[in-house]
Each structure stands twice: as C-alpha cells, then as structure tokens.
Amino acid sequence: MVIDWLLILLNLVFIVLFIRQIVIAIVALWTGYLSDVSFHKTNQRILAKLLDRLNLNSQSLVYELGCGEGSVAIKFVKKFNCQVFAIDKNLTLILVAKIRAWLAGTSHQITFKRADLFKIDVSRADLVYIYMLPEINKILAKKFSAEMKTKAILVSWKFPLLDKNFKEIDRVGHKNQFFVYQRV
Ligand SMILES: C[S@@+](CC[C@H](N)C(=O)[O-])C[C@H]1O[C@@H](n2cnc3c(N)ncnc32)[C@H](O)[C@@H]1O
C-alpha cells in the first residue's frame, strides 16, 4: 500500500518536472525567435560604477531599448529618481520586468512596453541605454544620429557604437566595458 502511494508520488514528480522542462524550452525558443539579440544581463557591479559617473536627476528621461527583465531600468530609478521608458520585444520579459519594478517600488516611474526597438522614437530621451550586438549597433548608429537630441547621452554595454555624431566621453569597466557617448 505504502509502496503504491510512493510510486504514484514519484510519477507525479516526474510529470511536473517534465511539464516544467517543456515550458522552459518553449520560453527559450520564443525568446530567441522573437528577438534580434537574446537576453543576457548587464554586469550589475559595473553598472553601479557607471551610475556613479552619470550626471542625471529626477527630471531626466531614460530610454532603455531591449530592457530584458528590468534590472537596469530599476537601478536608474533608484539612483536618480528619474523616469524610464523601457521596451523589449519579448512579452515574457516585459511581464517579469513589470513585476520586479512593482516589488522594487519603482513601477510608477518606469513604463515597460512590448515593442520593437527599431520602431521607437528616441528624440525625447536624455539618455539611451543599450546592450546589443556590434551589427545591431551599426544599424542603431544611423537611427540615433537622426533622432537623438544634441547633448543627449548614449550608453552601450560591451560593444562600441561608432558614429561621427557621437563623441566618446567615458569608458567604465575593464574586460567588459560601458561605452559612454554624447550626441554632438
Ligand atoms: C542582451 S539583452 C540586454 C538586457 C538588458 N538591457 C540588460 O542590459 O540587462 C538584449 C535584450 O534586447 C531584447 N531585444 C532584442 N531585439 C530586440 C528588438 N528588436 N526590439 C526590442 N527588444 C529587443 C531581447 O529580448 C533582450 O531582452
């Protein structure tokens, strides 16, 4: 009798683990399929150093293109009490980001939206934050040149964004770095 119950329990555990694996696989496929760059998190220790060196305030408007699960956006709000407009193509990540922002007490200052970064107008941004790949940065350089206002700041984690309209004003980190530019 006890053995029967143990076997039923064991079967249930296997079924739950199997369903869990299927859900993880679907979410992973969905993330990779939908986005131009898959989700990787910015190094949070170096992000803290970057934030120490930025000159923003509560009036600043930050755009994060490809915000993932919201860590960067939340850190900007906590540091500067600013407004953040954060978008990602992946709905699951946007939902997770919304929950995280709510738990962190920052949801009234961050607008998370599911959108394609190539369709977002960044002309109002005081700072644009990206963590993309070199080939995407090349395309974005043209977009940012056309849209970003003079003196606005552009921060790119890991990969530079080379364009004559952007002057490099800082680098933060060693092996992996933040490239900080100003629109001239
Ligand atoms: C490398 S992760 C960076 C996440 C976050 N910004 C960070 O630094 O921790 C890139 C993010 O961009 C999103 N992404 C990729 N292509 C996109 C697109 N065309 N439009 C909007 N988001 C996109 C991915 O879903 C992913 O969450």
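How many helices and strands does the protein have?

## Overall architecture

The protein has 5 helices and 7 strands, where helices (H or I, at least four residues) and strands (E, at least two) are DSSP runs numbered from the N terminus. Read from the N terminus on, the elements follow the order α-α-β-α-β-α-β-β-α-β-β-β. This is a predicted model, in which local features need pLDDT of at least 70 and side-chain atom pairs count only at pLDDT 80 or more, while totals for chains, interfaces and linings use all residues. Residues are numbered from 1 along each chain as its sequence is written.

The mean pLDDT of the protein is 93, and 93% of its residues reach 70 or more; pLDDT is the predictor's confidence in each residue, from 0 to 100. Among the elements, helix α1 (residues 2-34) has the lowest mean pLDDT, 73, whereas β4 has the highest, 99.

## Dimensions and packing

The radius of gyration of the protein is 20 Å, whereas a compact globule of 184 residues would have one near 16 Å; the radius is taken over C-alpha atoms, and the globule rule is 2.2 Å times the number of residues to the power 0.38. Taken along the principal axes, the box filled by the C-alpha atoms is roughly 80 × 35 × 30 Å.

Of the 184 residues, 30% count as buried. A residue is buried if 20 or more other C-beta atoms lie within 10 Å of its own, exposed if 12 or fewer, and partly exposed in between, with C-beta atoms placed from the backbone. Among contacts between residues at least 6 apart in sequence, 60% join residues at least 24 apart, two residues being in contact if their C-beta atoms, placed from the backbone, lie within 7 Å.

In helix α3 (residues 71-80), the buried residues are Val-72, Ala-73, Ile-74, Phe-76, Val-77 and Phe-80. An α-helix has 3.6 residues a turn, so residues three or four places apart point the same way. The cover over the buried residues of α3 includes α2 (44-53), β1 (61-65), β2 (83-88), α4 (91-103), β3 (110-114) and β4 (127-130). Just after α3, Asn-81 takes a positive phi of about 60 degrees.

Strand β2 is itself mostly covered, with 5 of its 6 residues buried. It pairs with β1 in the parallel sense over 5 bridges, where pairing requires that DSSP finds at least two bridges between two strands. Within this pair, Tyr-63 has Phe-85 in β2 as its bridge partner.

## The ligand shell

Around the ligand there are 23 residues, of which Ser-35, Thr-42, Gly-66, Gly-68 and Tyr-131 come nearest; a residue is near a molecule or strand if its C-beta atom, placed from the backbone, lies within 6 Å of it. The elements that give two or more residues to this shell are α3 and β2.

By class, the shell holds 10 nonpolar, 7 polar and 6 charged residues. Here Ala, Val, Leu, Ile, Met, Phe, Trp, Tyr, Cys and Pro count as nonpolar, Asp, Glu, Lys and Arg as charged, and the others, Gly among them, as polar.

Strand β7 (residues 177-183) runs antiparallel to β5 (residues 153-157), to which 5 bridges join it, and Ser-156 stands opposite Phe-179 in β7. Strand β6 (residues 166-173) and β7 also pair in the antiparallel sense, over 7 bridges, and form a hairpin with 3 residues between them. In β7, Gln-182 is the bridge partner of Lys-167.

Leu-50, in helix α2, is in contact with Val-155, Val-172 and Phe-178, leaving aside its neighbours within four places in sequence. Leu-50 counts as buried because 23 C-beta neighbours lie inside 10 Å.

Most residues other than glycine have a negative phi, and most peptide bonds are trans. Lys-151, in the loop between α5 (134-147) and β5, has a positive phi near 80 degrees, and with 9 other C-beta atoms within 10 Å this residue is exposed. Lys-158, in the loop between β5 and β6, likewise has a positive phi near 80 degrees, but Lys-158 is partly exposed, with 19 other C-beta atoms within 10 Å.
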